[in-house]
Structure formats: structure tokens, C-alpha cells
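I opened a new page for this chain. The plan is to go from overall numbers down to single residues.

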Amino acid sequence: MESTGSGSEEATKIGALVPLTRPGWVEAGRHLLAGLQLAVSEINGAGGVGGKALELLVRDTAADPQKAVAAVDDLARLGVVAIAGEYHSVVARAAAIRADELGLPFLCSSAVLDRLTEQPTKWVARLAPPQSRGWQIYADFLSRAGHDRIAVASQQSIYWASGVHILRDRLKANGATLSDISMSSLDPSMLCDQLIDRRATVLLLLVGQPEPAISIVKSVRNDGRLSTLKIGAPAGQPEFAEWATLLGEDSAAIPFLRYRPGHLNPLGSRVERALWEKLGEAPSFVALEGYDTIVVLAQAIRSFGTDRNSIAESWPHIEVAGTRGHIQFFRTPATTAWQWTDAPIQIAERTPGNPAQFRHVLDSG
């Protein structure tokens, strides 16, 4: 267990779910935790909330839904007023279902799977946009670029299957086709043969990071037959520094989804600078999501108190300035949780010739 904050029995405790060990996406977890911790530190430095400091009780989910459920149970017993965080969608879904069962508020920072619970619940809210919204924007981006034969390299999970479904439906409506190539029995060189056979113009990486994503990119880039093939990564693998470190120049020109505006507001710019110092590298949008999560929970506690039911009842009444825009929560037909409907969506890529920098391809919202 890791704790951030005063450690006082008088502190207001918030649980945090973060992937910090493999097979979780450790880099994403580190950025998410940095954002959560920075917000707690700044709020406590300004006097806390309602005269009490915030204390963050951190649990490593390691991308394991069972570990997440056990962590929710543990944090509930320890008296947290709410739970924050999580990056992996399947893990966040397991945590959300358990939080709903226990009557424990859960503000999901970064996971995008549309339905975080089976039925609508008052206990769960989310900052990241639902997968259907972001991935439909990505499909439209491909269609506008003239691509009509798209292939996806996919692994088995609810998250990847949902992504394939969203992309296929949207691309079909746009007059394009999608071929789903399962990587369960293929190595990257065999995938290249499949791409040739299907005459694909785009390959989308619906696979884990770093592997098999890194090996797939290397194989495709080194296959002269595929020199004109476009690679895309709607799940956001190129966002983190590890991508550029492992791939070098091959990391560039692979468009991906990220959830931040093209230009940050003054709060976002200040927080980005502080996160850069904390992380020792450029902070991702996931770090900003973590910071915004604590800002929202602090506002809920400040206005409605520390009672769990009161916090859950506060979601539709929250209005707070976040690092990436004005945050409010609404009900939407596609989701079962309270949703920040104006979360920004951007398509970006690492810049050819200088993959340490990003360039914006599309800003939406």
C-alpha cells in the first residue's frame, strides 16, 4: 500500500486504483498517479478541503480485474469516501461494478469502455470520453483521408472487441471495409503476408504495449511490400515516451487518440509544467486526467461533504475548471455512468524527423 497526503486519522481518505506493475501499462499508471498526487499535494498545501487534508490510498491493479475488485473491497473497509483512477477499461469496469454494489463513489479517470456497469448507476462518473465517441471520430478521420480498406491487428479482450465493433460500424457507414486479423496465432511476419493478401491501406494496432505492438510496427516498417501502408493506433500507444524510445524514427507518423485540447488553458499549462518536473519527462494526457480527478472530488467534498451518498448525488451538480476544460457530468444514452460529455478529443502523431515532438492531426471538442 502506498499513501499520499497527511497520513492523519483526521484526513479525508480517497482510494486510487493505478496499474503500477506488469502486465499493466506501467508508464500510463505512473503518469496517472503523478497527476493524482500533484493535485492532492496542491490542495493540501492550500489548506485541504473543509479544514481537513486529503490522503490518497494507492492500490496497484496490475491490469487485473480481480485485483481491482479486491482493492475496492479493501479501500471500502479502510473508510475512503470515494475511489479515483484506473487506466485499463476492463479493470475499471470490474471496479465500477463492485463500487456500485458497495455504494462507493468511483470517479474513473482514464478508461473509455462505454458501459462501465451493466445498469445505470448513480455511484460512478467518468472523465474520459466513451470509446464510441473517440473511435468514431478516428474512423471518420480515416475515411476523410481516402482509406477504404482497413485492417486491424487485434488481441482478445472486451476492450479490443468493442473497438473493432465501433470501427467496423462507422467505416461501413462511410463506405469502407474492415478486416479483423487476430494475433492469437500469428507472428508479425505472418501478419505482413495477411496485409498484402487483403490489400489493406491502413493497419490499426488493437494490441498491447509494448508487445506485440512494437514488434508489429518494426515488421511492417521493414517490409518493402508495405511501404505505403499507413499504421494507426486509436488506443493511444504512441502517447508515452517508451514508444519513441523503443521504435526511434519508426515511432513517427502513427496517428492516435489522446484526450486533451490542442492548446491548454492557463491552469493546464501550469499543471503541465509541474508534472514535467515531477515525472522528469513530458506529461501525457493521462497525467492531466489524474489531476482533474482529484479537483472534481475535492469540489464534491467541499460542496456536499464526505458522506458517500452525498458525493454520488453530487455528480450532476458539479461544475469545476479542469486542466482540459470546464467539467460537468451528464447522462448519455450510450453509457451507464455519469459522463463528462465535453472531454476534448485529439488525433495526434509523433513528428517525422523529430519523434520526441507531437503534431496535431485533428482536434474535436
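**Entry 1: overall fold.** I began with contacts, taken as heavy atoms within 4.5 Å. Among those in the chain between residues at least 6 apart in sequence, 70% join residues at least 24 apart.

I noted the ground rules next. This is a predicted model, in which local features need pLDDT of at least 70, side-chain atom pairs count only at pLDDT 80 or more, and totals for chains, interfaces and linings use all residues. Residues are numbered from 1 along each chain as its sequence is written, and side-chain values use heavy atoms, with hydrogens and water left out.

I looked up the secondary structure. The chain has eleven helices and 17 strands. Both are DSSP runs numbered from the N terminus: helices are H or I with at least four residues, strands are E with at least two.

The accessible surface comes to about 14100 Å², and carbon and sulfur atoms hold 49% of it. I used Shrake-Rupley areas with a 1.4 Å probe; for residues, only the protein chains shown count as cover. Buried residues make up 57% of the 365. Here buried means under 20% relative accessible area, exposed over 50%, and partly exposed in between (1.4 Å probe, protein chains only).

I also checked the charges. The 35 positive and 39 negative charges have mean positions 3 Å apart. Lys and Arg count as positive and Asp and Glu as negative, while His and the chain ends are not counted. Each charge is placed at NZ of Lys, CZ of Arg, CG of Asp or CD of Glu.

**Entry 2: cysteines.** How many disulfides does the structure hold? I found zero, with a disulfide defined as a pair of cysteine sulfur atoms within 2.5 Å. I looked up two cysteines. C108 is buried at 0% relative accessible area. C192 is buried too, at 2%.

Entry 3: I went through the peptide bonds. The one from Q209 to P210 is cis, with omega near 5°. The one from E211 to P212 is also cis, again with omega near 5°. P210 sits in the loop between β9 (202–206) and α7 (213–221). P212 is in the loop between β9 and α7 as well.

Then I looked at positive phi. A62 has a phi of about 50° although it is not a glycine. A62 lies in the loop between β3 (54–60) and α2 (65–77). Its relative accessibility is 4%, so A62 counts as buried. E86, also not a glycine, has phi near 75°. The loop between β4 (82–85) and α3 (89–102) holds E86. Is E86 buried or exposed? E86 is buried, at 0% relative accessibility.

Entry 4: G35 is in helix α1 (residues 26–45). I read 0% relative accessibility, so G35 counts as buried. Setting aside residues up to four places away in sequence, G35 touches L275, A287, G290 and Y291. G35 and D140 are 105 residues apart in sequence and 31 Å apart in space, C-alpha to C-alpha.

G262 is in the loop between β11 (256–258) and α9 (266–279). Beyond its neighbours within four places in sequence, G262 contacts Q346, H360 and D363. From G262 to D187 I got 37 Å, C-alpha to C-alpha, for 75 residues in sequence.

Entry 5: Where is P130? I found P130 in the loop between β6 (124–126) and α4 (131–144). P130 is buried at 10% relative accessibility. P130 and T341 are 211 residues apart in sequence, yet 8.7 Å apart in space, C-alpha to C-alpha. Leaving out neighbours within four places in sequence, the contacts of P130 are V112, D114, T335 and Q339.

T351 is in strand β16 (residues 345–351). At 17% relative accessibility, T351 counts as buried. Which residues does T351 touch, not counting those up to four places away in sequence? I listed A252, Q357, F358 and R359.
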